[in-house]
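Thanks for coming, everyone. I have one structure to walk through today. Let me put it on the screen.

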Amino acid sequence: MLFANGVWRKDFFLPQEKIFLLEKNPWMFSSETLMSVCQMISRLRPPASKLAFIRKFLKSLITKQPRDLLLVIGTGVSAAVAPGIPALCSWRSCIEAVIEAAEQLEVLHPGDVAEFRKKVIKDRDLLVVAHDLIRKMSPRTGDTKPNFFQDCLMEVFDNLEQHIQNPVVLQSILRLMERGTMVLTTNYDNLLEIFGYQQGKPMESLDLKDKDKVLQWARGHIKYGVLHNHGLYTDPCGMVLDPSGYKDVTQDPEVMEVIQNLYQTKSFLVLGCGETLCDQIFQALFLYTVKNKVDLEHYMLVLKENEDHFFKLQADMLLHGIKVVSYGDCFIQFPEYVQDLTTQICKHRSPGMHNQAPVEKKPEQLNPVQLSELELHVWTVLKGN
């Protein structure tokens with residue numbers, strides 16, 4: 001029943017036959033009941049923005065099986081998840097945060113602090129700046145261990161788990177990983193692994209220098225493995241800033257064959273790292289070594305700040321077999337876009353799932369047109385009362 005003893009059951013979602021009853025005979029209900037219905041309709045109706053704008057996705061992307069995708073995640077993901085940590089927002093922000101930590105910990109001469117701050121502003125090649133910064137805080141012998149850079153990084157990324165504010169993107173990534181999607185990241189942080197652990201997933205951080213683990217991951221044997229192609233902040237001595245740090249990897253035929261095979265057999269989906277193609281390590285592993293890239297089909301989500309720049313980027317990237325897609329003209333749209341995209345990809349059944357029963361539609365998922373007509377009836381009666 002819709003109500004008992006004259007009291008509206010607010011926990012009761014209207015089935016279709018009751019909607020019909022209310023549409024045709026609204027005078028059967030009291031004003032209090034109709035007001036409750038209006039409140040319920042307000043909760044059920046999608047936001048106005050969603051009614052006015054229906055997002056379109058590339059069919060070539062959303063019809064792919066999750067197991068055929070490989071996510072490449074960058075600083076944009078971390079910035080969306082933990083906006084309270086500036087160092088996660090970009091390379092420049094990360095270097096600036098390390099310099100500030102070095103100053104606070106007094107492990108870098110004030111003159112050097114001032115000099116590096118100028119370099120961060122003026123120099124375009126931030127990898128060189130980061131490399132020089134690491135060497136400045138390392139022994140004069142050239143050894144990387146021990147060094148103060150590690151202490152600065154630990155200071156910058158302290159208590160990451162406490163800074164996760166918006167896990168929507170991470171939830172979407174885990175949802176895809178559950179269905180076989182592989183993940184590679186250019187980030188030094190392990191926010192995805194931390195969140196995955198919290199959700200009970202056996203996450204594992206991988207480094208390109210660990211050949212055995214890399215081969216297992218590339219062959220699909222580590223379902224929740226996250227490959228950090230630049231290294232991880234918890235092991236600063238293993239961090240790599242240029243291809244020379246991976247000579248053993250790039251000169252190993254077995255490793256290179258397995259990794260490049262992924263670029264030829266998977267569709268890469270780049271999230272939150274618009275400068276991926278400028279990344280020297282990514283270039284060394286994929287772009288400059290994989291042939292016939294125009295035959296490939298990869299995707300990159302980017303912020304469309306400038307239309308001319310965006311469409312030029314689209315044209316340029318097609319030469320590399322990469323389709324550039326805009327998630328919007330504001331970064332705040334990024335998490336919702338990834339969530340909606342993931343839903344679209346996951347709703348297509350994987351092979352072997354055809355015999356499963358169809359998912360029953362929840363009764364509260366009402367058609368917006370029905371809701372509008374119903375609300376009109378209700379308010380007409382209320383106005384008359």
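Start with Lys211 and Asp252. They form a salt bridge, with the closest N and O atoms 3.0 Å apart. Keep in mind that this is a predicted model. Lys211 lies in helix α12, residues 211–218. Asp252 lies in the loop between α13 (247–250) and α14 (253–265). So the pair ties together parts that are 41 residues apart in sequence.

Are these two residues buried or exposed? Lys211 counts as partly exposed, because its relative accessibility is 31%. Asp252 is buried, at a relative accessible area of 15%. The two do not stand alone.

How many salt bridges does a search of the whole structure find? The answer is 12. Let me show two others.

Take Glu297 and Lys64. Their side chains meet in a salt bridge at 2.9 Å, N to O. This pair links distant parts of the chain, 233 residues apart. Glu297 is in the loop between α15 (280–287) and β8 (298–303). Lys64 is in the loop between α4 (59–62) and β3 (69–73). Glu297 is partly exposed, with a relative accessible area of 27%. Lys64 has a relative accessible area of 16%, so it is buried; the cut-off is under 20%.

Next, Asp132 and Lys119. Here the salt bridge is 4.0 Å, N to O. Asp132 sits in helix α8 (residues 126–136) and Lys119 in helix α7 (residues 110–122). So this one ties together parts 13 residues apart in sequence. Asp132 counts as partly exposed at 29% relative accessibility. Lys119 counts as partly exposed too, at 24%.

Stay on α7. It has 13 residues, which should span 18 Å at 1.5 Å a residue. Its end C-alpha atoms are 19 Å apart, which agrees. Which residues of α7 are buried? They are Val113, Phe116 and Val120. Looking down the axis of α7, the buried residues fall within an arc of 70°, so they line one face of the helix. An α-helix has 3.6 residues a turn, so residues three or four places apart point the same way. What covers the buried residues of α7 includes α6 (91–105) and α8. The face of α7 turned away from its buried side carries the exposed residues Ile121 and Lys122.

The list of buried residues in α17 is Phe334, Pro335, Tyr337, Val338, Leu341, Thr342, Ile345 and Cys346. They cover an arc of only 160° around the axis, which puts them on the same side of α17.

On to the strands. Look at β4, residues 182–185. Met182 and Leu184 point one way. Val183 and Thr185 point the other way. All of these are buried. What does β4 pair with? β3 and β4 pair in the parallel sense over four bridges. Strand β6 (residues 225–228) and β4 pair in the parallel sense as well, over three bridges.

Step back to the whole chain. It has 18 helices and nine strands. Of its 385 residues, 46% count as buried. Among contacts between residues at least 6 apart in sequence, 73% join residues at least 24 apart.

Last, confidence. The mean pLDDT of the chain is 78, and 66% of its residues reach 70 or more. Where is confidence lowest, and where is it highest? The lowest is strand β2 (residues 7–8), at a mean of 44. The highest is helix α10 (residues 168–178), at 97. Two stretches call for care. Over residues 1–21, pLDDT stays under 50, and the model has 35 contacts there beyond four places in sequence. Residues 48–52 also stay under 50, with four such contacts. Where pLDDT is low, the predicted coordinates should not be read in detail.

That's my tour. Questions, please.

Methods. Residues numbered from 1 in each chain as written. Predicted model: local features only at pLDDT ≥ 70, side-chain atom pairs only at ≥ 80, totals over all residues. Heavy atoms only, no water. Helix = DSSP H or I, 4+ residues; strand = E, 2+ residues; numbered from the N terminus. Buried < 20%, exposed > 50% of the residue type's maximum accessible area, 1.4 Å probe, protein only. pLDDT = per-residue confidence, 0-100. Contact = heavy atoms within 4.5 Å. Expected span 1.5 Å × (residues − 1). Arc of directions from axis to C-beta. Pairing = 2+ DSSP bridges.
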